[in-house]
Amino acid sequence: MTHYADGQPTGELTLRTLAMPADANAAGDIFGGWVMAQMDLACGIRAAERAKGRVVTAAVKEMSFAKPMKIGDTLCIYTHVSRVGRTSMTLKVEAWAQRYLTDRMEKVTDADFVMVALDGEGRPKPVPSA
Ligand SMILES: CC(=O)SCCNC(=O)CCNC(=O)[C@H](O)C(C)(C)COP(=O)(O)OP(=O)(O)OC[C@H]1O[C@@H](n2cnc3c(N)ncnc32)[C@H](O)[C@@H]1OP(=O)(O)O
């Protein structure tokens, strides 16, 4: 049974992937930029589904890393669309590490991402009603 060390994740599980040696420094710690990139990918998936079309990342709000991610951990990204504006969507994003070969889940970081719906020419367009 999965053991969550930092409360329960918020939102839907949107992306899972494995942290590999190429994503780490010499000490085996995973680069923060790699974790951020996976969070961005998850937001792209979730926001495009909500917008029913092309989206782009407009802003990432404050982010700090509470715990390290290590080679072999499975990164689990949870997303929740917390606000829909005219053309923008705010997503609450949480990154959790499932520790290597265990059922222990620890929260690594979280942030708010602002995604904007775009038309074919790359201009902001209204997000359709759900
Ligand atoms: C540089 C890179 O490659 S970063 C990686 C990928 N990201 C990008 O390429 C995005 C580059 N940026 C852009 O294309 C543009 O700035 C856009 C599309 C995000 C916004 O275009 P703008 O002409 O500023 O559009 P506009 O002012 O109408 O804003 C659109 C929406 O985004 C919101 N928004 C724009 N910038 C921000 C921001 N920094 N923080 C929060 N919301 C923002 C606006 O509030 C608006 O929301 P609403 O329609 O729900 O009220």
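Me: How do the residues of the shell around the ligand divide into nonpolar, polar and charged?

Reply: There are seven nonpolar residues, four polar and one charged. Ala, Val, Leu, Ile, Met, Phe, Trp, Tyr, Cys and Pro count as nonpolar, Asp, Glu, Lys and Arg as charged, and the others, Gly among them, as polar. Before going on: this is a predicted model, where local features need pLDDT of at least 70 and side-chain atom pairs count only at pLDDT 80 or more, while totals for chains, interfaces and linings use all residues. Residues are numbered from 1 along each chain as its sequence is written, and side-chain values use heavy atoms, with hydrogens and water left out.

Me: Which residues are around the ligand?

Reply: Val56, Thr57, Ala58, Ala59, Gly85, Arg86, Thr87, Ser88, Val114, Val116, Leu118 and Pro124. A residue is near a molecule if one of its heavy atoms lies within 4 Å of it.

Me: What lies 2.6 Å from an oxygen atom of the ligand?

Reply: A polar side-chain atom of serine 88. Threonine 87 also has a side-chain N or O atom 2.7 Å from a ligand oxygen. At threonine 57 the backbone takes part, with an N or O atom 3.0 Å from a nitrogen atom of the ligand. A polar contact is a pair of N or O atoms within 3.5 Å; within protein, one must be able to donate a hydrogen and the other to accept it, and residues adjacent in sequence count only if both atoms are side-chain atoms.

Me: How much of the ligand does the protein bury?

Reply: The protein buries 40% of the 980 Å² that the ligand exposes when taken alone. Accessible areas come from the Shrake-Rupley method with a 1.4 Å probe; for residues, only the protein chains shown count as cover.

Me: Which elements give two or more residues to that shell?

Reply: β3 (55-60) and β6 (104-117). The most comes from β3, with four residues. Helices (H or I, at least four residues) and strands (E, at least two) are DSSP runs, numbered from the N terminus.

Me: Back to serine 88. Is it buried or exposed?

Reply: Serine 88 is buried, because its relative accessible area is 16%. Buried means under 20% relative accessible area, exposed over 50%, and partly exposed in between (1.4 Å probe, protein chains only). Serine 88 is found in strand β5. Leaving aside neighbours within four places in sequence, serine 88 is in contact with Arg83, Val114, Met115, Val116 and Val127. Contact means heavy atoms within 4.5 Å.

Me: Changing topic. What pattern does the protein follow along the sequence?

Reply: The pattern is β-β-α-β-β-β-β, which comes to one helix and six strands.

Me: And why does the radius of gyration agree with a compact globule?

Reply: With 130 residues, a compact globule would have a radius near 14 Å, and the protein has 15 Å, so the two agree. The radius is taken over C-alpha atoms, and the globule rule is 2.2 Å times the number of residues to the power 0.38. Along its principal axes the C-alpha trace spans about 45 × 30 × 20 Å. Buried residues make up 42% of the 130 residues.

Me: What share of the contacts with a separation of 6 or more comes from residues 24 or more positions apart?

Reply: They account for 71% of them.

Me: Which strand holds threonine 79?

Reply: Threonine 79 is in strand β4 (residues 74-84). Threonine 79 counts as buried because its relative accessibility is 0%. Its side chain makes a polar contact with the side chain of threonine 14, at 2.6 Å.

Me: Serine 82 lies in strand β4 too. What does serine 82 touch?

Reply: Not counting residues up to four places away in sequence, serine 82 touches Thr90, Leu91 and Lys92. Serine 82 counts as partly exposed because its relative accessibility is 37%.

Me: Last one. Where is lysine 52?

Reply: Lysine 52 is in the loop between α1 (32-51) and β3. Lysine 52 has a positive phi of about 55° although it is not a glycine. At 58% relative accessibility, lysine 52 counts as exposed. Leucine 101 also has a positive phi of about 55° without being a glycine, and leucine 101 lies in the loop between β5 (88-98) and β6.
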